[in-house]
Amino acid sequence: MHSEHAFTMPARPLPRTAPHGADDAGRLGATVRFVREQDTSLLLARVLPGLDGPELRAFTDQCRFAHAAVLVFPPDEAALRSGLTGCGLDGGVPARPSVVVRDRLAVRYGRRPADLDVRILRPAVPGPAGEHRAVEVFALTVPRGSALAEIAAGERALDHEAHLAFDVERPDPLVLRGLLASFARHGATADGGGYNPHEDGTVFYLAAPEDTKTPYRRMELYARGDHRDVLAEHLGRTAEARPVPPHDASRPAETLLRLLTGAWTTQALAACAELRLPEALDRHTGTRVPELARAVGAHPESLAVLLRYLAMLGVVEDTPDGFRLTDVGALLDEAAPASMRPLALMYGGPFYQSFAHLTHTVRSGEPGFEHLYGENHFDHFARDPELAARFDRSMVSSAPLFDALPSHPVLTAAAGAPGRTVVDIAGGTGELLGRVLTAHPTLRGTLLERPHVLAAARERLAGPETGGRCAFLEGDFADVPAGADVYLLSRVLHDWDDERCRSILRHCAAAMGRDADLLVVERLLPADGSPSLATAWDLHMMCNTGGRERTAVQYAGLFAACGLELVGHAPLALGAYALHVRRAAPPVTG
């Protein structure tokens, strides 16, 4: 049941003309006939016009049509079951909550998620040769006379949730990359995706090309197993394609008001983390406000107001039994893998306070953090061990962007030869280096960091996965050790201005041998000014560190000024890139 994942959401709902008519019975019946009649090979040729010959045969060998989806709006349970039976489907098929579609509808129509009862059912439908297929039915209950009729009318007209799904028969990274590249070559664009550990499956969302010959504008490619390395590349392409969020031009005051209240969201999330609500809530069973207030030491009426706001954000869900934690909210649990709790406390704490001085930064060029605290944030954190530890943990919150990096060709090539060494420069507590050493048992590592950080790093890298293959070096950028095969410089350069970056890179270049490689991990500003995570982080870095995000061309200029050369860059998760850098070839003379 791979469509119902708490994944990176598709970048945009695509306006479309409803292919199946306006009534639910007609739309459901047409979807059933579509699933029953389609031959995978012929359907792929219609989905991707121009796909033919050997490439079409390769597609057909590697994936099969699995289901089509439709959203219907029964007035009650009996009508839903009757509608299924009337289309020749199993009326007794079980239903379960559809959190993803519910939240998309809530955002699209400005509703509270708790007010939308959306369920998902997957009745089986045989293909033309008896293939096992299904119709994925999303059902939003809309009682007669309900105000939700607006949603039903809009979705019946545009069918935002309609999509096709293909299962990859024998998934491996090479096959998946080839399929995704072929989809892109024929005009499909990356549109989100995610990994579901509960069923061990990875889904890739795609927007169909403009000239597709089916009425469906969204597709899913599903692969059994954990393919988060390929997914990270796919999500990087999604971030590049993500458009500006739509605003209602007819209601500019409401749009501006929503933007102005963004600070409330930051503080609500920080309060959620500070109160440890995620640790006190259950993912499946609701908890009533009085009980929750006792558990976290809060004023019940005030806590109820906060919870209603968090429910609007999708952090918790308001159920008949009380509030329960969503997949989004679970990331604020301190025990969650790559927990974002430290990040929420940093963004709602010292970085929030420094952002109050953004006007000063824009006028003077001085970071708001330095204006507020009288020193740069690295020195400030170094004098406050508790705050420094929280900052280091907040950096781990973005660890998923490292998922694909150990499979970078530079590192896999180094691992293929004995005795190769990787140096992580200013590598924090060793999150990235630990992943590299775990993925490649033949490699040895050196972590260069400040003394107060290395204590946590030694603990992080003490496990059997690294096998005692990591050395720890106290120092600064001037202490980059020579003679390593690969150097890592992750999320460092964006902390600094160009002059300081050139100083750091000259130290790297001096340490690198002629055949050494440098992998720089940073977000890249899009050259065309399109929206990206890097644009937001550019503002953050300016206000808090005096640094900046840069385009690939700007980074290439920095590298060139230091005797280095940008070889290429590959997308990672969360809008980041791995920039491959080498020593520049000496000029040819004579």
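Me: Which backbone oxygen lies 2.8 Å from a polar atom of the side chain of Thr202?
Reply: That is the backbone oxygen of Gly225. Please note at the outset that this is a predicted model.

Me: Where is Thr202 found?
Reply: Thr202 belongs to strand β8, which covers residues 201-207.

Me: And is Thr202 buried or exposed?
Reply: Thr202 counts as buried because its relative accessibility is 0%.

Me: Which backbone nitrogen does its side chain reach, that of Thr202?
Reply: The side chain of Thr202 reaches the backbone nitrogen of His227, at 3.1 Å.

Me: Staying with His227, how far is it from Asp172 in space, C-alpha to C-alpha?
Reply: The distance is 7.9 Å, although 55 residues separate Asp172 and His227 in sequence.

Me: Where is the place of Asp172?
Reply: Asp172 sits in the loop between β6 (163-168) and α7 (173-185). The side chain of Asp172 reaches the backbone nitrogen of Val175 at 2.8 Å.

Me: Why is Asp172 called partly exposed?
Reply: Its relative accessible area is 32%, and partly exposed refers to values between the limits of 20% for buried and 50% for exposed.

Me: Another threonine, then. Which helix does Thr40 lie in?
Reply: Thr40 lies in helix α2, residues 40-47. Thr40 counts as buried, since its relative accessibility is 11%.

Me: What does the side chain of Thr40 reach?
Reply: It reaches the backbone nitrogen of Phe65, at 3.2 Å. Not counting residues up to four places away in sequence, Thr40 touches Cys63, Arg64, Phe65 and Arg133.

Me: Let us turn to helix packing. What is used to describe two packed helices?
Reply: The description uses the angle between their axes and the distance between the axes.

Me: At what angle do α10 and α13 cross, then?
Reply: Helix α10 (residues 262-275) and helix α13 (residues 300-313) cross at roughly 115°, and their axes come within 10 Å. The two helices are therefore roughly perpendicular to each other. The crossing of α10 and α13 is left-handed.

Me: Which residues meet there, between α10 and α13?
Reply: From α10 there are Trp264, Thr265, Ala268, Leu269, Ala271, Cys272 and Leu275, and from α13 there are Leu306, Tyr309, Leu310 and Leu313. By class, this contact of α10 with α13 has 10 nonpolar residues, 1 polar residue and no charged residues.

Me: What about α24 and α26: at what angle do they cross?
Reply: Helix α24 (residues 498-511) and helix α26 (residues 552-561) cross at roughly 50°, with axes that come within 9 Å. They are therefore oblique to each other. The crossing of α24 and α26 is right-handed.

Me: Which residues make that contact of α24 and α26?
Reply: Helix α24 provides Asp498, Cys501, Arg502, Leu505 and Arg506, while α26 provides Leu558, Phe559 and Ala561. The residues of this contact divide into 5 nonpolar, no polar and 3 charged.

Me: One more pair, please. How do α5 and α6 pack?
Reply: Helix α5 (residues 99-109) and helix α6 (residues 149-158) pack at an angle of about 100°, with their axes 11 Å apart. That makes α5 roughly perpendicular to α6. Leu105, Arg108 and Tyr109 of α5 meet Glu150, Ile151, Gly154 and Glu155 of α6. The residues of this contact comprise 3 nonpolar, 1 polar and 3 charged.

Me: Now the backbone. What is the phi of Arg276?
Reply: Arg276 has a positive phi of about 60°, although it is not a glycine. Arg276 is found in the loop between α10 and α11 (277-280) and counts as partly exposed at 32% relative accessibility.

Me: And what is the phi of Arg491?
Reply: The phi of Arg491 is near 55°, a positive value in a residue other than glycine. Arg491 is placed in the loop between β15 (486-490) and α24. With a relative accessible area of 14%, Arg491 is buried.

Me: Lastly, how far apart are the C-alpha atoms of Pro586 and Pro75?
Reply: They are separated by 74 Å, and the two residues are 511 residues apart along the chain. Pro586 lies in the segment after β18 (576-583) and is exposed, with a relative accessible area of 54%.

Technical notes. Residues are numbered from 1 along each chain as its sequence is written. This is a predicted model: local features need pLDDT of at least 70, side-chain atom pairs count only at pLDDT 80 or more; totals for chains, interfaces and linings use all residues. Side-chain values use heavy atoms; hydrogens and water are left out. Axes are lines fitted to C-alpha atoms, for helices over the stretch in contact, and angles run from 0 to 180 degrees between N-to-C directions. Helices (H or I, at least four residues) and strands (E, at least two) are DSSP runs, numbered from the N terminus. Angles under 35 degrees count as roughly parallel, over 145 as roughly antiparallel, 65 to 115 as roughly perpendicular and the rest as oblique. A crossing is left-handed if the near helix is turned anticlockwise from the far one by less than a right angle, and right-handed if clockwise. Contact means heavy atoms within 4.5 Å. Ala, Val, Leu, Ile, Met, Phe, Trp, Tyr, Cys and Pro count as nonpolar, Asp, Glu, Lys and Arg as charged, and the others, Gly among them, as polar. Buried means under 20% relative accessible area, exposed over 50%, partly exposed in between (1.4 Å probe, protein chains only). A polar contact is a pair of N or O atoms within 3.5 Å; within protein, one must be able to donate a hydrogen and the other to accept it, and residues adjacent in sequence count only if both atoms are side-chain atoms.
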